[in-house]
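Please read it alongside the sequence and the coordinates.

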Amino acid sequence: MPTPVSTPGSVVKRQSVLPEYAALYWSQRRVRAAPYRRSEVFARWEGRCAYCDAPAEHLDHVKPISKGGRDVLSNVVPACAGCNLAKASLTLAQWALSWSA
């Protein structure tokens, strides 16, 4: 199928195939409960951020799932919003380097 070409002043409508793929993805995705409880993680750290000791509101994967980390209790720590958003999907080493740069 050729890609539609738009000229100045014209509007080209493209039919999106995303909903079809999204429905297929979500219908085949296996959802399972986490092997830990949020309350257990917060209790273990006394409700404090593992990175800066501020009050924690989020859970963070120390080794991000996108980088091969697993969703297990030993890879999850509580984090404050600031640390969790700053770390994003970085590993601890990458995040430490971003602070020193």
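## Surface and overall make-up

The protein chain exposes about 7,900 Å², of which carbon and sulfur atoms supply 59%, with accessible areas taken from the Shrake-Rupley method with a 1.4 Å probe and, for residues, only the protein chains shown counting as cover. This is a predicted model, in which local features need pLDDT of at least 70 and side-chain atom pairs count only at pLDDT 80 or more, while totals for chains, interfaces and linings use all residues. Residues are numbered from 1 along each chain as its sequence is written, and side-chain values use heavy atoms, with hydrogens and water left out.

Four helices and two strands occur in the protein chain, and from the N terminus on they follow the order α-α-β-β-α-α; helices (H or I, at least four residues) and strands (E, at least two) are DSSP runs, numbered from the N terminus. Of the 101 residues in the protein chain, 18% are buried, where buried means under 20% relative accessible area, exposed means over 50%, and partly exposed lies in between (1.4 Å probe, protein chains only). Among contacts between residues at least 6 apart in sequence, 48% join residues at least 24 apart, a contact being heavy atoms within 4.5 Å.

## The strand pair and its surroundings

Strands E1 and E2 pair in the antiparallel sense over four bridges, two strands being counted as paired if DSSP finds at least two bridges between them. Within this pairing, histidine 58 stands opposite alanine 79 in E2. Val76 and Pro78 point one way from E2, whereas Val77 and Ala79 point the other way, and all are buried.

The loop between strand E1 (58-61) and strand E2 (76-79) holds lysine 63, which is partly exposed at a relative accessible area of 43%. Not counting residues up to four places away in sequence, lysine 63 touches Gly68, Gly69 and Asn75. Lysine 63 and leucine 92 are 29 residues apart in sequence, yet their C-alpha atoms are 7.3 Å apart in space.

Ala79 also belongs to the largest nonpolar core, whose five residues are Cys49, Ala79, Cys80, Cys83 and Trp95; such a core is a set of buried Ala, Val, Leu, Ile, Met, Phe, Trp, Tyr and Cys residues joined through side-chain atoms within 4.5 Å. In soluble globular proteins, nonpolar side chains tend to be buried together. Cysteine 49, leaving out residues up to four places away in sequence, touches Ala54, Pro55, Ala56, Pro78, Ala79, Cys80 and Cys83.

Asparagine 84 lies in helix H3 and is buried, with a relative accessible area of 16%. Apart from neighbours within four places in sequence, asparagine 84 is in contact with His58, Leu59, Asp60 and Ala79.

## Aromatic pairs

A search of the whole structure finds two aromatic pairs, where rings of Phe, Tyr and Trp (its six-membered ring) pair if their centres lie within 6.5 Å, and planes under 30 degrees apart count as stacked, over 60 as edge-to-face and the rest as tilted.

| Aromatic pair | Centre to centre | Angle between planes | Class |
|---|---|---|---|
| Tyrosine 51 and tryptophan 95 | 5.1 Å | 70° | edge-to-face |
| Tryptophan 95 and tryptophan 99 | 6.0 Å | 70° | edge-to-face |

Because tyrosine 51 lies in the loop between helix H2 (38-44) and E1, and tryptophan 95 in helix H4 (residues 92-100), their pair ties together parts that are 44 residues apart in sequence. Tryptophan 95 and tryptophan 99 are four residues apart in helix H4, so about one helical turn separates them. Tyr51, Trp95 and Trp99 form one aromatic cluster, in which tyrosine 51 is partly exposed at 24% relative accessibility, tryptophan 95 is buried at 9%, and tryptophan 99 is exposed at 60%.

## Salt bridges

The structure holds two salt bridges, each defined as a side-chain nitrogen of Lys or Arg within 4 Å of a carboxyl oxygen of Asp or Glu. In one of them, the side chains of lysine 87 and aspartate 60 meet at 3.3 Å, N to O. That pair links distant parts of the chain, with lysine 87 in helix H3 (residues 81-87) and aspartate 60 in strand E1, 27 residues apart, and both lysine 87 and aspartate 60 are buried.

Aspartate 53 forms a salt bridge with arginine 48, where the closest N and O atoms are 3.8 Å apart. Aspartate 53 counts as partly exposed at 48% relative accessibility, and arginine 48 counts as partly exposed at 32%.
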